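Subject: A structure for you to look at

Hi there,

Here is the structure I promised to pass on to you. Have a look at it first, and then read on for what I found.

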Amino acid sequence: MATIDGLPPLREVIRDHELVAKKSLGQNFLLDLNLTARIARSAGDLAGSDVLEIGPGPGGLTRGLLVEGARRVLAVEKDPRCMAALAEIAAAYPGRLEVIEGDALEVDVRAHLTPPIRIAANLPYNVGTELLVRWLTPPEWPPFWQSLTLMFQREVAERIVAKPGTNHYGRLAILAQWRCDAKIVMSLPPEAFTPAPKVHSAVVHLTALPEPRYPADPKVLERVVAAGFNQRRKMLRAALKGVHPRIEALLEEAGIPPTERAERVSIEAFCRLARLVAAA
């Protein structure tokens, strides 16, 4: 069977290294190398960039990123069983793949990367959202990365790109779209993976904006948005009562009816309210 790079097909790699996916690590392996190459292409022109990959597993997306011209790939993998398979890829691409064995929530990757930096990953389901929120909420903006190309469960992807007034609109949509352009670029059925998950998946591409769309203190905005969507069925005057003692007056000053619910409030209006809360 032909492959994209002369290395063995992923089914052989998984068999030879006995890489049975572990549910405890949120693993679902994507075996079609043509699909992994498509995901790599959706990350944009990689030729002059370092690429950070989280949870490479047997290296399907890793190989796609290297084939599509990534200057270097830094892969962070928690599962020690995958190290031998990844070492074979590193040997085939001398100097272009560095693998760190460790937990992506704990590893400081920046010392290993040279800008410009892109992040591309089939994220483990159990840490994907937490990693995304971390990447979207650094202390300074622009962030260390230029773009994120990430695979999630379809429902999570829809939450990232959701618009006000829709069922999926919430904290994740605001954190993403306040500082990024976000779009779904691919959809994948369960049978594309081994083992097949119970849900469809989707790839989201986020491009960091030079500055946020609207001015606001990030910590205040996060606090206001978290409170508003924590009790999304409540009117905002009730959901936000712990944010500020004069919240009803501040809502009116921001042009938001106090009886409104969070899912109908635009990002711009939330930022306006956050500025008023910060100044009050």
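This is a predicted model: local features need pLDDT of at least 70, side-chain atom pairs count only at pLDDT 80 or more; totals for chains, interfaces and linings use all residues.

The atom to look for is the backbone oxygen of Gly60. Thr36 itself sits in helix H2, which runs over residues 33-42. With a relative accessibility of 1%, Thr36 counts as buried, because the cut-off for buried is under 20%. Its contacts, leaving aside neighbours within four places in sequence, are Leu30, Gly60, Leu61 and Gly64.

Gly60 also leads us to the next element, helix H3, which covers residues 60-67. Of the 8 residues in H3, 7 are buried, so the helix is mostly covered. The buried ones are Gly60, Leu61, Thr62, Arg63, Gly64, Leu65 and Leu66. Just after H3 comes Gly69, which has a positive phi of about 100 degrees.

Now go back to helix H2 and find Ala40, which has its place there. Is Ala40 buried or exposed? Ala40 is buried, since its relative accessible area is 0%. Not counting residues up to four places away in sequence, Ala40 touches Leu46, Leu61, Gly64, Leu65 and Glu68.

Now zoom out to the whole chain. Its secondary structure comes to 11 helices and 9 strands. For 280 residues the globule rule gives 19 Å, and the radius of gyration of this chain is 21 Å, close to that value, so the chain is as compact as a globular protein of that length. Along the principal axes, the C-alpha atoms fill a box of roughly 65 × 40 × 30 Å.

How much of the chain is buried? Buried residues make up 50% of the 280. If you take the contacts between residues at least 6 apart in sequence, 70% of them join residues at least 24 apart. The chain exposes about 13000 Å², and carbon and sulfur atoms supply 50% of that area. Finally, there are 35 positive and 32 negative charges, and their mean positions are 7 Å apart.

Enjoy exploring, and write back with any questions!

Best wishes

Terms used
Residues are numbered from 1 along each chain as its sequence is written. Side-chain values use heavy atoms; hydrogens and water are left out. Helices (H or I, at least four residues) and strands (E, at least two) are DSSP runs, numbered from the N terminus. Buried means under 20% relative accessible area, exposed over 50%, partly exposed in between (1.4 Å probe, protein chains only). A polar contact is a pair of N or O atoms within 3.5 Å; within protein, one must be able to donate a hydrogen and the other to accept it, and residues adjacent in sequence count only if both atoms are side-chain atoms. Contact means heavy atoms within 4.5 Å. The radius of gyration is taken over C-alpha atoms; the globule rule is 2.2 Å times the number of residues to the power 0.38. Accessible areas come from the Shrake-Rupley method with a 1.4 Å probe; for residues, only the protein chains shown count as cover. Lys and Arg count as positive and Asp and Glu as negative; His and the chain ends are not counted. The place of a charge is taken as NZ of Lys, CZ of Arg, CG of Asp or CD of Glu.
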